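Reader: Hi! I'm new to this one, could you walk me through it?
Author: Happy to, let's look together.

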Amino acid sequence: MKAAAQKTADKGKNLITFGMRARDEKTQYAWKKFTADGDNAPVLELTYNRPPTPPTNHGLDPDFRCTTTPPYVRVGSSSITFTARSTDKDDNLATLNFAMWPTGKWSTTGNMLRSAGTVSVGANTSEATRTTSAIATTGLLASNVTYSWNVRAVDAAGSSSASTPKVPCRFVFDSKEPTPPRVTSTDFPNADGTDHDSSFGNAPEDSNWSTKKFGATGSFTFQAAETDVIRYRVRLQRQQLPLLRAPYRRCSRLGHDHYQQRKTAGCRPERAVRESRRRCRECLRAHEVLFYVTPATRPTPPATSPATRSPICSPSRTRETSASTRPRSTATIRPRAPGDLDYSMSGAYRENPAKDPNGGDKEETFIGPLSGHFKGAQITHNGDFYGGDGLQDLVAGVDGKWWVYPGDGYGAVNITKRAKSSCPPTRPLPPPSSTPRSWPPEMSPATVCRICSPTAGDQLWAFTGYNGASFTEARMLTSTPWSTRDLVTVADIGGDGVPDLLFRTEETGRGLLLRHGKPGANGGVDLTSLATAASSKTGQDEVYGTGGWNKASMPKIKGTPDANGDNIPDIWAAASDGNLYFYPGGRTTHGTRFITSNLGWLNSPAIG
């Protein structure tokens with residue numbers, strides 16, 4: 001009976017038919033008579049129950065986060081608590097069951113929390129966030145031992161969710177190190193207050209932006225967890241030296257130390273790293289607070305951060321969905337001076353199709369993009385392409401069409417609001433699937449006519465006459481020999497105020513070539529001067545970089561505006577070793593490179 005009912009429900013049908021047979025069809029004595037109509041009609045009663053959702057928002061307090069990969073967070077508190085959240089669509093959520101054990105020794109110790117790990121949700125049976133009572137660490141935990149913990153949700157019918165996270169949260173207990181101070185700020189609120197996973201994505205808390213805009217003054221408050229803490233050392237990640245230093249004095253356990261920050265230090269995600277020091281000189285390893293800084297109100301120059309106007313990279317990425325990662329199609333990464341990269345975050349999201357437009361439900365308004373949305377796409381971000389709002393937009397060649405994704409002013413795009421770009425009938429179309437190649441920045445920033453230069457086979461094209469995600473002319477500059485070349489950037493490299501063309505070749509000893517542009521009659525650049533070497537300002541392509549620039553050695557390359565403060569455009573390149581290198585720009589040749597990131601950049605299909 002149950003199997004038949006489940007099969008019918010799985011098919012979405014509202015009618016089920018049951019047949020009857022005797023215990024023994026060969027004898028008349030096996031049949032029984034009964035009344036089967038009117039008030040005595042057969043009735044099938046079903047109790048339908050769905051298990052609770054796997055718990056999320058894992059928290060280890062005071063003020064720690066769930067870490068599933070080394071280095072694990074180090075805990076030195078005299079007591080700890082565990083927190084998680086779950087929901088139940090049947091409104092019968094009962095408990096959250098937490099478990100903790102020495103890593104690799106579950107079979108020996110079992111759940112060390114015992115009954116303290118079972119927390120009732122009380123009357124909040126549809127949605128609840130619950131925290132255990134304080135668990136004393138003295139006598140329970142051993143110093144320098146790694147412990148694991150997870151949690152599962154159980155409903156009143158006895159159904160249970162899976163334990164989460166799939167890879168358990170882990171921490172190292174250290175009785176010598178001081179506990180990180182509790183950090184609060186109304187100016188720059190914590191943007192990782194519920195996830196506790198040191199990542200940024202598309203959760204509700206990712207709309208938790210600072211009340212102070214970039215460039216304004218704000219403050220943080222620090223509260224010590226022990227009575228013998230004498231000093232804090234605080235710095236923002238993008239700074240080379242500590243920004244703030246606490247007075248060298250004894251701090252009360254319940255006391256608060258208030259610090260004024262002189263100026264906000266960035267846009268999008270920021271990490272404030274703080275340390276506390278005990279009188280015995282035990283110094284805590286750096287512990288992070290993550291927060292968002294609201295951009296300043298001003299137009300965004302091409303390929304730059306909405307707030308700081310510093311160049312940013314937008315890699316296209318594809319990740320599989322798991323318990324510990326969110327699907328990400330694009331990411332926004334802002335560099336630290338002089339060209340080093342800072343923290344990254346999801347650069348795209350979409351409106352939740354499950355959200356009731358009339359309200360009244362508990363679905364999130366925005367969720368992450370579909371996995372692989374930008375896979376195989378050509379991407380670029382070169383200023384305000386659509387809407388005239390002064391915000392950075394994303395242009396992408398997806399599924400054989402050009403699309404404009406309006407920027408939200410915070411470094412990301414809403415893919416639901418993308419608009420199809422209107423191009424002249426003579427334009428080249430992006431291939432449905434090919435090796436993605438990035439576009440350069442705009443060629444003529446001094447004029448109202450925006451010019452982009454994609455390549456199509458052996459052809460080099462210029463799109464002109466920009467007007468609200470549309471172009472009036474697609475002009476082929478040359479038909480040879482661009483199939484073996486990649487555009488790096490179109491910008492004023494020579495310093496004469498006229499855009500130049502920098503491109504990569506497969507020629508031995510001539511990996512990067514610079515073609516100097518001539519001034520246009522109405523400003524900007526004369527496109528003819530960028531079409532061929534002979535038509536350029538110098539009459540030839542100048543060698544800008546020698547060896548090591550072929551596609552096998554340097555699969556991905558991206559030119560951006562100046563990142564190190566010398567007013568010369570710079571270059572980022574993902575090498576075959578998986579590292580991302582920063583090349584300072586020069587007037588005649590690039591400078592000495594250095595590694596800016598080593599997080600597997602060959603897994604990023606494109607950089608734009």
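Author: Let's start with strand 38 (residues 580-583), which runs antiparallel to strand 39 and is joined to it by three bridges. Strands here are DSSP runs (E, at least two residues), numbered from the N terminus, and two strands pair if DSSP finds at least two bridges between them.

Reader: What should I know about the model itself?
Author: This is a predicted model, where local features need pLDDT of at least 70 and side-chain atom pairs count only at pLDDT 80 or more, while totals for chains, interfaces and linings use all residues. Residues are numbered from 1 along each chain as its sequence is written, and side-chain values use heavy atoms, with hydrogens and water left out.

Reader: Thanks! Which residue stands opposite Y581 in strand 39?
Author: That is I595.

Reader: And what order do the four strands of that open sheet take?
Author: The order is 36-37-38-39, with antiparallel pairing. Strand 36 (556-560) and strand 39 (594-597) are the edge strands, each pairing on one side only. From one strand to the next, the twist averages 30 degrees (axes are lines fitted to C-alpha atoms, and angles run from 0 to 180 degrees between N-to-C directions).

Reader: New topic: is S86 buried or exposed?
Author: S86 counts as buried, because its relative accessibility is 1%. Buried means under 20% relative accessible area, exposed over 50%, and partly exposed in between (1.4 Å probe, protein chains only).

Reader: Where is S86 found, and what does S86 touch?
Author: S86 sits in strand 4 (residues 79-87). Leaving out residues up to four places away in sequence, its contacts include P52, L93, L96 and A153; contact means heavy atoms within 4.5 Å.

Reader: How many residues of strand 9 are buried?
Author: Eight of the eleven residues in strand 9 (residues 145-155) are buried, so the strand is largely enclosed by the rest of the structure.

Reader: Which strands does strand 9 pair with?
Author: Strand 5 (residues 93-102) pairs with strand 9 in the antiparallel sense over nine bridges, with L96 opposite A153. Strand 10 (residues 164-173) is also antiparallel to strand 9, through six bridges, and there W149 has C169 as its bridge partner.

Reader: Last one: where is L44?
Author: L44 is in the loop between helix 1 (2-10) and strand 1 (56-61); helices are DSSP runs too (H or I, at least four residues). L44 is partly exposed, because its relative accessible area is 34%.
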